Number of protein chains: 6
Amino acid sequence: MRPSGRAPDALRSISFETGVSMHAEGSCLVKFGDTHVLCTATVEEKAPPFLRNTGLGWVTAEYAMLPRATTSRNRRERQGASGRTQEIQRLVGRSLRACLDRPALGERQIVVDCDVLQADGGTRTAAITGGWIALRLAVDAMMAKGTIASDALTGHIAAISCGVTAEGPVLDLDYAEDSTAGADANFVLTGAGGLVEVQASAEGSVFSRAQFDAMLALAEKGVAELVAAQKAALA
Amino acid sequence: MRPSGRAPDALRSISFETGVSMHAEGSCLVKFGDTHVLCTATVEEKAPPFLRNTGLGWVTAEYAMLPRATTSRNRRERQGASGRTQEIQRLVGRSLRACLDRPALGERQIVVDCDVLQADGGTRTAAITGGWIALRLAVDAMMAKGTIASDALTGHIAAISCGVTAEGPVLDLDYAEDSTAGADANFVLTGAGGLVEVQASAEGSVFSRAQFDAMLALAEKGVAELVAAQKAALA
Amino acid sequence: MRPSGRAPDALRSISFETGVSMHAEGSCLVKFGDTHVLCTATVEEKAPPFLRNTGLGWVTAEYAMLPRATTSRNRRERQGASGRTQEIQRLVGRSLRACLDRPALGERQIVVDCDVLQADGGTRTAAITGGWIALRLAVDAMMAKGTIASDALTGHIAAISCGVTAEGPVLDLDYAEDSTAGADANFVLTGAGGLVEVQASAEGSVFSRAQFDAMLALAEKGVAELVAAQKAALA
Amino acid sequence: MRPSGRAPDALRSISFETGVSMHAEGSCLVKFGDTHVLCTATVEEKAPPFLRNTGLGWVTAEYAMLPRATTSRNRRERQGASGRTQEIQRLVGRSLRACLDRPALGERQIVVDCDVLQADGGTRTAAITGGWIALRLAVDAMMAKGTIASDALTGHIAAISCGVTAEGPVLDLDYAEDSTAGADANFVLTGAGGLVEVQASAEGSVFSRAQFDAMLALAEKGVAELVAAQKAALA
Amino acid sequence: MRPSGRAPDALRSISFETGVSMHAEGSCLVKFGDTHVLCTATVEEKAPPFLRNTGLGWVTAEYAMLPRATTSRNRRERQGASGRTQEIQRLVGRSLRACLDRPALGERQIVVDCDVLQADGGTRTAAITGGWIALRLAVDAMMAKGTIASDALTGHIAAISCGVTAEGPVLDLDYAEDSTAGADANFVLTGAGGLVEVQASAEGSVFSRAQFDAMLALAEKGVAELVAAQKAALA
Amino acid sequence: MRPSGRAPDALRSISFETGVSMHAEGSCLVKFGDTHVLCTATVEEKAPPFLRNTGLGWVTAEYAMLPRATTSRNRRERQGASGRTQEIQRLVGRSLRACLDRPALGERQIVVDCDVLQADGGTRTAAITGGWIALRLAVDAMMAKGTIASDALTGHIAAISCGVTAEGPVLDLDYAEDSTAGADANFVLTGAGGLVEVQASAEGSVFSRAQFDAMLALAEKGVAELVAAQKAALA
C-alpha cells in the first residue's frame, strides 16, 4: 500500500490553471498533488549570441524553489545556482526544445521560468509539464498577433517520475516515496509517445532490467493521462 | 483623476489569504490590487551568532521577485542580491522587529520570506503588511504549542506608499503612478499609530514640507485601514 | 547634556579642505568632527548605457570605509558590497542628482567617490555634503575649460543626521549618540530648503509625529549652516 | 560505416595505466581511444558534516577538463563550475557510491578527481571507469595497511556511451559521432550487470523504445568488456 | 636628466606623519613625493587558525588604492582583489614578518592595512616603509600596556624601487619613470642591511648583471636613508 | 649532503616530451625530476582589447595544479584563483613575453597553459621552461603554415630555482629542500644569458649579498644546461 493510498499506476490529482500572470506572454500554475509550480513564458525578440543570423529560435528554462517550498527552509541560491538546480533547468530546457520548430519560431528566444511555490516530490516533472502549457500559450499568442506565421511547436511534451519502492514499481512519487525509493527515474515523452529524456538512478541499490522496463511502462501510461489533461486545460 | 480612477486617499483592493503553505509555520498571500506577494514565516531554533547566550530573539526578512513578476523579465539575482533588493529586505526586517518582544521570543530566529509573484507598485509595503500576518501566525502557533509562554509581538505593523503626482499627494501608488511621481514615500506604522520607518525621495524635483505632511496624513489613514484588514483576516 | 557637551541644535566642528587630490577633477576632504571623508569627483566622457543618444548626463556615487576607519577593524568588501554600503551609495547618488541639470551636463557621467578615512557617526551625511563640493569643483573646472557651456548644477545639496536620545531630539549625532539613540534620521535638503531625502528609523522603540517634526526642524537649521560653510569653502 | 571504421558494437582501444601519481592513494590514467583522463583517489580521515557520528563513509567526485583538452580552448572554470561540469561530477560520484559498503569504509571520505587531459567524446564514461580503478587501488591500500578490516567495495563499476547515428545504434561514441548523433545515452552498470544510472537524451529528434533497447543491449556488452579490462589492469 | 630633476641616487621628499588614526593601535601617513599611503596597524587577540596552540604570532598585510588615487579612475576591487593587489599585499606581509619575533608577539595577529590615497609610483615600497612605522607604534603600545613582555620586532624594515631608464640606473622611480623604464626592481632590506626581498623584472628588454648590481647598490643607499628617516619620525 | 644526494650545482633529471596534445598548436610535458607540468600553446586570432589596431601580438599564461598534484589534496580554485596562482601565472606570462617579437606575431594572442600534474618543488620554473617549448612549437607551426612571415620569438627562455639551505647555496630545489630553505629564489634568463626576472625571498631569516651572488651564479649555470636541453628536445 502506497503512503498516499494510491494504486501503483495512479497519478496524483493534476491541475493546470492558465493565465495566472498579468505580465507574461504565457503562464500556468501546475499542481501535481501538493507540488505547485508557477510557470511563465517570456518571448524575447533577441536570440542568444550563438544563433545570430541563423534564422533559428531557441527555448531555454530556469528553475528555482522558494525558500520555504520545502519542509525545512532552504537558502536562496544567491551565490550561484546549485548543481541540482542547474541540472534540472538544463533538463527542462532540453525537454521543451524537443517540440520546437526552430525555423518557425525565427530568431527569437522564449524563456520558461519554473518557480516551485510548494514542493512534495516531482517538481521537475511538474515544471516540464506545466512549462509546456506556458510555452504553448505564448506561441499561440504570437500566432494570434501574427508575429509568427506557422506553429512553432510540433506537439505536446509531458514528464512523470517513477520509482521502485517496497511496493514495487510505482508512478508519480510524492516526497514520502521519493525519499525512500531504491531507484528513481524521470521520463519525458512527446504526445505521440516518443522518448525525449530518460534518467534513472539507483539509490542505495542497483535496479534490474525488468524493474526499469516496468517503470517505463508506467511512465507511458502516466504521460498519456498528462497529455489528455493538458488538452483539457487548453480547450 | 488617478489612472486607476481611485480617490487620492483610496487604497487598492486589499486581501490576505492565510495558510497558503503546507510547510511554513505561518504564511500569507497578500494582494494590494495587482501586486501579489507570498509571505512565509519560518521558525528556527537557532538564533544568529551575535545573540548567542543573550536569551534574545530575532526576526529577519528576505525579499525577491520572480523573474516575470514585472512587465519585462528581470534576471534572477544569482550573483548576489542587488542594492535595491538588499535595501528592501533590510527595511522589511527592521519594520517587523519594531513589534518584536525579543526576550519573549527567546533565543530563536524567525525568517520572513517575501516573494513577489506579480508586481504592480508597492511591493515593499505589501511585503511588510503581509509579512506581519505570516509572522503573527507563526508566533500564534508557537504559543499554541507552548514553545513560548507569552506573546512575542507587541502589536500590528503595516506599511503603505504615498507620492506626489500631477493629481497632488495620493495614497498607495500603482506602477503607472509610481513611475511618474515627482516624489515617492514609504511609511511604516504600528497599529497604535507610532512611526517605525519614513523614507521619502525626490524623483526629478524636490518636495516641500507641506507636500511631505500631506503624504504622512494619507499614510496614517491608509495604515489604519490596513490594520483593520489584518484584524479581519485573522479573526 | 550630550556626550560631547554640545547643545541639542549644535553641529560638530565642520571643515572642507578642497583640492586634496592631484589627479581628480574635483576633490574635498570633509570633516564633521572626527568623521573624515575623502571625496573625489571624476568626469567620464562616456555616459552609462541607458543614456546612450539621449544627450543627458548622470551623476553616480560610490562609498566605502577603510578597514580601520572604525573602532574595531572591518573586513574589506572584496566579495561584493554589503547591503549597508549599497544603500548609502545609492542615497549619495540620488541626493547629488537632485541638483543636476542633466541636459547642461550633456552625455557624460561624473563619479563621486566617498571614502571614509575615519568614522565617528554621520559618515553618509558628511559624504553627501563633501561630495557636493567635489562635484561643484569638477563642474566649475568643466566650465572653465569650456567643456560645458552652462552650469550643470542648480544649487547646493547638504545633509545632516538627527536623532532622539535621552536628551530629546538632537542634531548631528556622533557615534556615541548614534549607537544609543531611540530613533535615527537623515535629511538631505537643497540650499533653498527643498526636501530631497528623508529617512527615519525607529531603533528599539517607535517615534511620534512630534519627535519627527522636531528632528526635521533641527535638520533645516543644520543644513542652512552647512550650506553657508560650503559657500565659505568655495569662496 | 562509422567515422572510425569500427563495428557498431566495438569499443575504442581501452587502456588503464595504474600508479601514475606519486602522491595519491590510488591513481589511474584511463584512455578510451583519444580520450585521456587522469583519475586520483584521495583518502580523507574526515567525513562530510552530514555523516558525523554515523560511522558511515562517503565517496565523492570532481571532474574538470584542462583548457586545451578540446579542439578549441575552453576557459578555466574559476568563477564556479558550469552546469555541465556539476552534472558530470554528480554522476561520477553517484555511480561510484553504488559499489560502496559505507559501514566498511567507516567515517571517512574518498575523493576521486577526474581530470581530462585530452577529450574525444565519452569523457564522463571514461572518468567513471578509470575512477573506479583509482578508488579500488586506494581501498586496497587501506586494507593492506589495516586501516579498514574488510573490503569497502562490493564490486566493479563501469560506464559506456551509446548513440543513435546515421549507422543506427552504436557503442562508445567518439567526438565526431557524438556531435551528430540523434540520441545520446550513458549507461553505468555493475560488474554483475545491475543498472546504476541510465541517461538518454534526444538530440534534435525523439527516439523510439526499440532504439533505446538496442542502446541498452550494446551497453551491456560494452560494460562486460570494460570490466574484463579493469580486471586485467589490476591483475 | 631625470624628469623630476633628481640625481640618479636621490630619493624623493620623504615624510612620515604618525598617529593619524584615532582608532588604530598604530598609524602612519607616509609620503614618498606625491605617493601618499595611509597605514594602520590593528592588533587582534586571535591568531590565524594555522597557529592555534603554537604560541607564535603573525603579521599580515592588506593593500588597496582609492579609485581616484591614479591619473584615471580605477574600479573598486569588489569582485575579488586583482592579481597585482594580491601580489603586493603578499609582498608587504612577507617583508614585515622578516623583523617579527613570533614567540615574543605570542598567539596574536597584527594586520597592517596600506591604503593608497594618491599614487605617483612606488606605492608598494612606501607601503612597506610606512607600514613598518605603524607596526612599530602598535608593538610599542603593546609593550607600554604590558600586553607583551619583550619587543616583538627585531629591527627596521624599509623598501625602495630602482630602475634602468634612459639616464641609466636610478633610485626611487616616480610614475613618469616607472612607466618607461626598461627594468624595474623593488628591494626590501633590514636596518642592518640584510636582504629580505629582491624583485626585478625586465620591461621590454632584458637587463645585465652589471645593471642589476648597480640597482642593488642604489637600493642599499636609499634604504639607509629611509631607515634614518624612520628613526627621526619615531624620535 | 642534499636530501637527493645531488651536488649543490646539479639539476634534477630534466626531460621534455613534445607533441603530447592532439589539439594544441604546441605542447610539451616537462619533467624536472618528479615535478611534471603539461604545457600547451593555443593560438588565438583575436588579440586582447588593449591591442586593437596596433598590429602587435601578445603572449599570456595560465597556471594551475591538479588537486592531487601535491602530498595532500588541494581544493580546486573554482571561486577565483589564489594569490599564489595569480602571481605565478603573471610571472610565466611576463617571462615568455621577454622573447616575443610583437610586430612579427601580429595582432594575435598565444595562450600558454601550464597544468601541474605532479609537484615536487620548482613548478613555476618548470612551467616557464616547458611553456617556452610549447610556445616555440606553436610559432614554428605558424611559420610552416605561412600565417606569419618571420620568427616571432627572439630566442630561448628558461628558469630555475635556487636556495640557501643547511648545505649552503644550491640549485633546483625539490620540495624537501624548498620547504626548509632559509632563502628561496627564482631566476629567469634568456638563452644569451640576459636577466629577465629575479625573485628572491627570505624565509625566516635574511640573506646576504654574498649568498645572493652565489645563487645567481648557480642559476646562470643551470639555465645554460636547460637551454641546451631545450635545443636537444627540438632537434
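## Polar and charged contacts

Six salt bridges are counted between chain A and chain D in this predicted model. One of the pairs joins the side chains of Glu220(A) and Arg209(D), with an N to O distance of 3.6 Å.

Polar contacts between chain A and chain D amount to 12 residue pairs, with both residues at pLDDT 80 or more.

## Elements and residue classes on chain A

On the side of chain A that touches chain D, the elements giving two or more residues are α1 (83-97), β9 (195-202) and α5 (209-234). The most comes from β9(A), which gives eight residues. Sorted by class, this side of chain A has 10 nonpolar, eight polar and eight charged residues.

## Strand pairing across the interface

β9(A) also pairs with strand β9 (residues 195-202) of chain D. The sense is antiparallel, and the pairing runs over five bridges. Within it, Val198(A) stands opposite Ala200(D) in β9(D).

## Extent of the contact

Chain A brings 26 residues to the contact, and chain D brings 26 residues. The area buried between the two chains is about 2,200 Å², and carbon and sulfur atoms give 48% of that area. Of the area that chain A buries against chain D, 27% is supplied by Glu87(A), Leu195(A) and Arg209(A), more than by any other three residues.

Note on methods. Residues numbered from 1 in each chain as written. Chains lettered and ligands numbered in written order. Predicted model: local features only at pLDDT ≥ 70, side-chain atom pairs only at ≥ 80, totals over all residues. Heavy atoms only, no water. Contact = heavy atoms within 4.5 Å. Buried area = accessible area lost by both parts, 1.4 Å probe. Salt bridge = Lys/Arg side-chain N within 4 Å of Asp/Glu carboxyl O. Polar contact = N/O pair within 3.5 Å; in protein donor to acceptor, adjacent residues only side chain to side chain. Helix = DSSP H or I, 4+ residues; strand = E, 2+ residues; numbered from the N terminus. Nonpolar A, V, L, I, M, F, W, Y, C, P; charged D, E, K, R; others polar. Pairing = 2+ DSSP bridges.
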